Amino acid sequence: IWLYIDGDGIQDACEPGIPGVTVELYDGSCTIGSTCPTQVTNSIGQYTFSGLLDDAYTVIVRSATLPGGLTQTGDPDGCPGAGCDNQHQVTIGPGDVNKPYWMADFGYQGNVSIGDFVWNDINRDGVQDGGAEVGLNGVTVTLTWAGLDNTLATTADNITLTKITAGGGAYLFSGLPAGTYRVDLDENSLPSGLTLTTTDPLT
């Protein structure tokens, strides 16, 4: 289960897993939300149900355990269409017992974006004026999400993303969940002789 930031259908290296999400496994013999087996995603968003028999299963993500502001992107493989949000169907048949695992992945996008410009603040007033105060490309900006606990000080569940400014000093992190973030600028990536005139980091 991961942050599906660019929506291209693949979990890229910059798209982190979402920890702390509850997933349950329905086989027709349990009560969803009550007696079905559950797993909680680990620090990199992985979960596993092991020791399964031949049967038809539905993997269900409990949406209430997802970070706020996230929506599932597209229908997961094996889901028959409308009404399948947060579900993935898997059928294990005769002869499949030697298959090591079945994948039931879920990608989620948020509706939050964070970004702006890095620029040459000639008059050092912290505001990008027109004219000679041009944007600076090639500067590294790091975004840290505080995770599900919304506390940056507890680093175990923090997730970090990186962008390089381009197109006139612009950077943008999009597809993010609601929450608390810290934005850091790598001063070593600034052109020689420049120092910050604004607060770093920003929360």
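Which strands each supply at least two residues of the lining of the second largest pocket? Hold that thought. I'll come back to it after the fold.

First, a caveat. This is a predicted model.

Now the overall picture. We have zero helices and 12 strands. The protein has 203 residues, and 36% of them are buried.

Next, the sheets. I'll show two.

Start with the sheet of four strands. It is open, its order is E3-E2-E4-E6, and the pairing is antiparallel. At the edges sit strand E3, residues 38-40, and strand E6, residues 87-92. Each of those pairs on one side only. From one strand to the next, the twist averages 20°.

Look inside that sheet. Strand E2 covers residues 22-26, and strand E4 covers residues 55-61. Four bridges link them, in the antiparallel sense. If you want one to click on, take Val23: its bridge partner in E4 is Val61.

Now the sheet of three strands. This one is open too, with the order E1-E7-E5 and mixed pairing. Strand E1, residues 2-3, and strand E5, residues 70-72, stand at the edges. Each has a single partner strand, so one side of each is left without a neighbour in the sheet.

How do E1 and E7 run relative to each other, parallel or antiparallel? They run parallel, joined by two bridges. Strand E7 spans residues 107-110. For a residue pair, pick Leu3 in E1: its bridge partner in E7 is Tyr108.

On to the pocket. A word on the approach: rolling a probe the size of a water molecule over the atoms shows where empty space is left.

The second largest pocket has a volume of about 500 Å³. Its lining counts 26 residues. Nearest its centre lie Phe117, Trp119, Leu185, Leu196 and Thr198. By class, the lining divides into 14 nonpolar, seven polar and five charged residues.

Back to the opening question. The strands are E8, residues 112-117, and E12, residues 181-185. Each gives the lining at least two residues. Which element provides the largest share? That is E8, with four residues. Phe117, one of the residues nearest the pocket centre, falls within the range of E8. Leu185, also among those nearest the centre, falls within the range of E12.

That's the tour.

Key
Residues numbered from 1 in each chain as written. Predicted model: local features only at pLDDT ≥ 70, side-chain atom pairs only at ≥ 80, totals over all residues. Heavy atoms only, no water. Pairing = 2+ DSSP bridges. Axes fitted to C-alpha atoms, helices over the stretch in contact; angles between N-to-C directions. 1 Å grid on protein atoms, 1.4 Å probe; cavity = no way out; pocket = protein on both sides within 12 Å on 5 of 7 lines; lining within 4 Å. Points joined across faces, edges and corners; volume = space filled by probe spheres on them. Nonpolar A, V, L, I, M, F, W, Y, C, P; charged D, E, K, R; others polar. Buried < 20%, exposed > 50% of the residue type's maximum accessible area, 1.4 Å probe, protein only.
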